[in-house]
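Colleague: I would like to learn how to read the features of a model like this one, step by step. Could we go through it together?

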Amino acid sequence: MSNKVIRKFFFSIIVPSILTILLFITSIYVILIPSFEKNMMNKKKEMIRELTNTAWSLIKEYDDEYKDSLITLEEAQRLAAKKIGKMRYGTEGKDYFWITDMKPVMIMHPYRPELNNSMLDDYTDPQGVRLFIEAVKVVKTMDEGFINYMWQWKDDSTQIVPKLSYVKGFENWGWIIGTGIYLDDVQAEIGALKERLTKISLLISAIIILILAFIIIQSLKIEVWRKKAEDDLLKSRQKYKTLVEASSEGTIMIKDSRIIFSNHMFEQLTGKTHRELVASRFEDIFSISWEEVSKSVAKTNKSSSIETQVKQGEAVFHDVVISVTRIFFEEQEAYVVVTKDVSRKKQTEKIVQNLSSELQSSLVLMNQPISQFVKPIVKANLQTTVAEAASLMDRKKMNLIFIADRDKMLGVVDDSDLRKRVLARDKDGKCLLVEVMTSPIICISHTALLYEVILEFRKQKISHLAVKNDKNEIVGVLSRKDILEIQHNSLSYILSEIEYAEDVNELKMIYDKIPVLVNALLESGNKTELITHIITSVSDAMTNRIITFALEDHGEPPCRFAFVALGSEGRKEQTIATDQDNAIIFEDVGEDNVQRIKNYFLKFAETVNNHLAHVGYELCIGGMMAKNPKYTLTLSDWKKQFTGWINTPQPQNIIDTAVFFDFRCIYGDSFFTDELRKHVNLLIDKKAIFVYHLAQTVIQYRSPLNIFGNIPSGDNETFDIKKILLPVVTFIKVFSLKCKIAETNTLQRLEQLLNQNVVQKPMYGELKQAYNFLMGLRFHTQTNALKEFRKPDNTININSLTEIEKSTLKKVYSLISEMQTKLNLEFKGR
């Protein structure tokens with residue numbers, strides 16, 4: 001039984017049945033019992049109201065006798081109180097009435113005679129409720145009503161329980177008469193009802209489950225029989241069609257000398273659609289006749305490989321090797337032809353294979369924990385002299401020593417420090433080591449991976465890193481020299497090559513390694529965060545080196561500046577198919593000097609942009625580059641630019657300028673980007689409508705596949721994966737701008753949104769998974785294009801996706817719908 005069939009039964013039969021049972025049980029406890037409890041309470045209230053009215057009527061009778069001068073007022077009140085004091089009701093005959101006046105003074109209480117004739121204005125129950133004062137308030141306000149309080153259980157003064165009483169005033173005498181019910185009685189009745197209903201619901205649920213089990217068993221038997229019959233009919237055709245489509249090489253199936261199946265790879269190789277191939281003869285595609293091929297297979301009676309050429313247009317041919325295998329399809333003879341392109345592939349295959357292998361082994365090592373590379377430390381104390389330290393380092397064969405005061409590490413000294421701070425300054429070997437130490441000590445966690453250590457070495461520009469354990473204690477040391485020797489062919493080595501490249505042509509040769517690096521990372525199962533991080537590291541290093549070349553050509557800059565990355569580069573999310581998005585911010589220099597200095601930076605930027613294009617980073621079609629005068633501005637002008645965009649948030653303006661909000665400094669003074677970020681945050685605080693309009697670009701997003709949440713099928717149906725990724729990135733950007741998050745990377749922004757409870761953990765996980773899935777598709781598409789010697793882009797043919805990928809893509813559409821709902825709720829009414 002396939003997982004698809006099981007899921008079908010699960011969602012069509014089991015889930016509705018379980019929901020029915022849960023709905024049945026829920027209705028009992030959420031609707032029926034609360035309704036019963038409410039009705040019971042209403043009936044109890046009505047009962048004590050009627051009983052109180054009866055006792056009140058008795059008082060009125062004695063009042064009438066007094067008015068008729070049959071008895072005195074005192075006699076009438078005495079007789080009324082006595083009569084009511086003897087009245088009882090309830091199953092045990094212990095429920096009673098009590099009477100007070102409006103002061104309040106207790107006139108009569110059958111179970112608490114000690115209260116009779118007592119002033120009750122300070123009398124409170126155990127919870128501090130002044131119940132008799134409350135009764136007076138109710139009578140004064142409404143003549144009659146209910147009060148809640150705690151009171152002794154009937155005639156048992158040791159038991160205090162919740163009680164609800166009804167009180168009614170007798171105005172002629174200034175009396176209040178009341179009686180009540182014990183709420184414990186009501187709860188006991190409800191508890192008994194719940195127990196009965198629980199037994200009934202369990203019995204009914206058990207019956208439903210038995211019926212459900214019977215239905216499932218019978219349905220599964222029917223489905224197995226139907227599936228088997230269907231499989232018998234389609235087995236032969238589907239088997240070979242799947243074989244052709246799943247092949248990683250260009251593959252066709254031939255029957256009766258005609259092509260009946262072809263896969264996407266073969267269609268790309270020939271430049272023909274499936275329909276065109278089916279209508280073609282073998283000789284229209286290959287420079288060899290089908291008769292020759294079939295004879296070759298017949299002679300060997302097994303698979304045969306033949307060198308030939310495949311036609312692409314009238315005068316374009318590619319060298320290929322076809323492997324032909326004879327099979328039996330629908331009880332007839334047929335052939336599977338696998339085509340391998342060996343023209344340019346022959347020339348590059350060996351170098352690509354060697355480089356890929358080299359990088360694969362290096363990448364595996366890069367993701368190793370650093371524990372196996374950590375060396376023990378050598379420690380000295382505050383009284384250790386330079387001479388003693390040098391002797392100790394020599395004995396331990398270490399070129400680094402730590403200075404500690406008890407268990408606290410204060411600083412570190414290496415060979416370089418001894419040369420520069422002792423020998424070069426003619427200091428005596430008897431001077432204390434603490435006088436020449438470096439502090440504070442730069443550390444890294446023992447859980448870090450090797451590539452993180454390498455990046456930290458490059459960032460800090462130091463020779464050693466101390467290693468801390470979970471208790472924040474220094475337990476070892478890492479040497480830059482040792483790590484770089486291990487990582488000769490790793491990212492660190494590539495960055496080192498970039499750093500020492502002599503010209504742009506050398507950089508281009510290094511850049512050509514990046515697709516192989518990305519492919520190796522993908523095949524080794526690395527996450528897209530690591531891939532984009534590495535691509536960004538290389539891109540930043542390339543840009544820095546090219547800027548160095550440009551500064552050598554144009555001379556020192558006339559003022560401080562920042563070379564700024566925008567868009568995907570600003571978010572550290574570059575792929576193989578990426579263009580340039582950059583700008584320059586330079587300091588405010590006064591109106592007289594602005595144009596002269598701007599001219600310098602425009603010429604400088606043109607050199608940088610052109611060199612980047614030569615290396616492989618294409619020029620931006622929209623002109624969003626530093627060499628464009630619109631995007632090389634002073635800090636003040638950039639602030640005015642952002643002010644204009646935010647204060648006039650027209651829909652098209654937002655689409656055009658959204659790329660600029662992902663800016664970060666990759667060369668120069670980060671002061672300018674920090675100041676611009678502060679300015680943007682202040683503007684958005686005052687003009688929240690901008691974020692609203694940016695949110696609308698996600699809310700109004702519609703699937704590029706025509707039917708939202710559904711993937712159509714057919715020939716040559718393609719979509720741009722970048723357009724599906726855009727609403728995910730923009731959704732996270734909207735809340736990041738709203739929350740003033742300085743990070744530009746999408747996943748790092750998402751992490752901070754989770755920490756600030758802007759998105760909850762379930763949505764965080766789904767957004768992260770969707771982002772990684774879409775980025776993974778982009779990388780696979782682009783690396784596959786390079787393997788086939790096509791220009792990499794973001795276009796994907798739907799039919800090239802696996803069923804799992806299609807299913808995941810549908811889930812991404814559902815997530816986008818959830819994002820739109822959240823944005824609608826967040827910005828409702830704005």
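Colleague: How are H24 and H26 oriented to each other, roughly parallel or roughly antiparallel?

Modeller: Before answering, note that this is a predicted model, in which local features need pLDDT of at least 70 and side-chain atom pairs count only at pLDDT 80 or more, while totals for chains, interfaces and linings use all residues. Residues are numbered from 1 along each chain as its sequence is written, and side-chain values use heavy atoms, with hydrogens and water left out. As a general idea, two packed helices are described by the angle between their axes and the distance between the axes. Here helix H24 (residues 721–738) and helix H26 (residues 761–787) pack at an angle of about 150°, their axes being 10 Å apart; H24 and H26 are therefore roughly antiparallel to each other. Angles under 35 degrees count as roughly parallel, over 145 as roughly antiparallel, 65 to 115 as roughly perpendicular and the rest as oblique. The axes are lines fitted to C-alpha atoms, for helices over the stretch in contact, and the angles run from 0 to 180 degrees between N-to-C directions. Helices (H or I, at least four residues) and strands (E, at least two) are DSSP runs, numbered from the N terminus.

Colleague: Which residues of H24 and H26 make the contact?

Modeller: On the H24 side they include Ile 721, Leu 725 and Val 728, and on the H26 side Leu 767, Tyr 771 and Leu 774 are among them, where contact means heavy atoms within 4.5 Å. By class, the contact of H24 with H26 has twelve nonpolar, no polar and two charged residues. Ala, Val, Leu, Ile, Met, Phe, Trp, Tyr, Cys and Pro count as nonpolar, Asp, Glu, Lys and Arg as charged, and the others, Gly among them, as polar.

Colleague: At what angle do H23 and H27 pack?

Modeller: Helix H23 (residues 689–699) and helix H27 (residues 803–826) pack at about 150°, with axes 9 Å apart, and that makes H23 roughly antiparallel to H27. Ala 695, Val 698 and Ile 699 of H23 meet Met 819, Gln 820, Leu 823 and Asn 824 of H27, a contact with five nonpolar, two polar and no charged residues.

Colleague: Is Thr 100 buried or exposed?

Modeller: Thr 100, which has its place in strand E1 (residues 97–101), counts as buried because its relative accessibility is 0%; buried means under 20% relative accessible area, exposed over 50% and partly exposed in between, with a 1.4 Å probe and protein chains only. Leaving aside residues up to four places away in sequence, Thr 100 touches several residues, including Leu 120, Phe 132 and Trp 175. Phe 132 is also one of the buried residues in H3. Over the protein chain, buried residues make up 44% of the 830 residues.

Colleague: Which residues are joined by a cis peptide bond with omega of about 5°?

Modeller: Most residues other than glycine have a negative phi, and most peptide bonds are trans. In this model a cis peptide bond joins Lys 103 and Pro 104, and Pro 104 is found in the loop between E1 and strand E2 (106–108). Another cis peptide bond, with omega of about 0°, joins Ser 439 and Pro 440.

Colleague: Where does Asn 757 lie?

Modeller: Asn 757 lies in the loop between helix H25 (746–755) and H26, has a positive phi near 60°, and counts as exposed at 54% relative accessibility. Ser 257 likewise has a positive phi, of about 65°, and is partly exposed, with a relative accessible area of 42%.
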